[in-house]
Amino acid sequence: MDHAKRLDLMKTVILPKMQAEFQAFDAKKFDKFSCTTCHGERLKQGNFAMPNPDLPKLSFTDGFKKHMTAKPDMTKFMMSKVEPDMAGLLGLKPYDPATKQGFGCMGCHVVGP
């Protein structure tokens with residue numbers, strides 16, 4: 001998919017769907033949901049690259065224990081709603097741990113401490 005088609009998909013399909021999902025999850029926190037929410041301030045320089053190092057760093061240790069302890073509702077929301085829906089919107093299969101293939105957390109987040 002070329003850049004123009006990808007941008008159109010983001011603006012007309014992905015942004016409205018994700019905005020609605022994030023606002024349904026937490027209307028106050030995500031009241032200003034926009035492209036910048038996921039892609040970060042780098043957009044101002046035309047950088048749409050993902051994963052975005054400004055998003056929370058993920059730790060897969062012990063089944064996301066760090067995240068399930070600190071923010072269980074957000075972690076469950078991301079795993080059960082955002083990840084599979086983004087995969088579908090992008091026309092990709094959701095991440096399969098057995099094959100290590102598909103769209104998953106690292107499509108948006110980097111792994112870190």
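This report walks through the salt bridges and aromatic pairs of the structure above. Keep in mind that the model is predicted.

**Charged pairs**

Let's start with the charges. The count of salt bridges here comes to five. Three of them are set out below.

| Salt bridge | N to O distance |
|---|---|
| E21 and K81 | 3.7 Å |
| D31 and K32 | 3.9 Å |
| K81 and D85 | 3.3 Å |

Take E21 and K81, whose side chains meet at 3.7 Å, N to O. What does this pair tie together? E21 sits in helix α1, which covers residues 3-25, while K81 belongs to helix α4, residues 72-89, so the contact ties together parts that are 60 residues apart in sequence.

Is E21 buried or exposed? With a relative accessibility of 8%, E21 counts as buried, because that value falls under the 20% cut-off. K81, at 34%, counts as partly exposed.

K81 has another partner too: its side chain also meets that of D85 in a salt bridge, at 3.3 Å. These two residues are both in helix α4, four residues apart, so about one helical turn separates them.

K32 is exposed, at 67%.

**Aromatic rings**

Now for the rings. A pair of aromatic rings is described by how far apart the centres are and by the angle of the planes. This structure holds six such pairs.

In one of them, the ring centres of F22 and F30 lie 4.9 Å apart and the planes stand at 70 degrees, so this is an edge-to-face pair. The angle is what decides that, because planes over 60 degrees apart count as edge-to-face. Both F22 and F30 are buried.

How are the rings of F25 and F77 arranged? Their centres are 4.4 Å apart and their planes are at 10 degrees, so the pair is stacked. This pair links distant parts of the chain, since F25 is in helix α1 and F77 in helix α4, 52 residues apart. As for accessibility, F25 is partly exposed, at 32%, whereas F77 counts as buried, at 10%.

How values were computed
Residues are numbered from 1 along each chain as its sequence is written. This is a predicted model: local features need pLDDT of at least 70, side-chain atom pairs count only at pLDDT 80 or more; totals for chains, interfaces and linings use all residues. Side-chain values use heavy atoms; hydrogens and water are left out. A salt bridge is a side-chain nitrogen of Lys or Arg within 4 Å of a carboxyl oxygen of Asp or Glu. Buried means under 20% relative accessible area, exposed over 50%, partly exposed in between (1.4 Å probe, protein chains only). Rings of Phe, Tyr and Trp (its six-membered ring) pair if their centres lie within 6.5 Å; planes under 30 degrees apart count as stacked, over 60 as edge-to-face and the rest as tilted.
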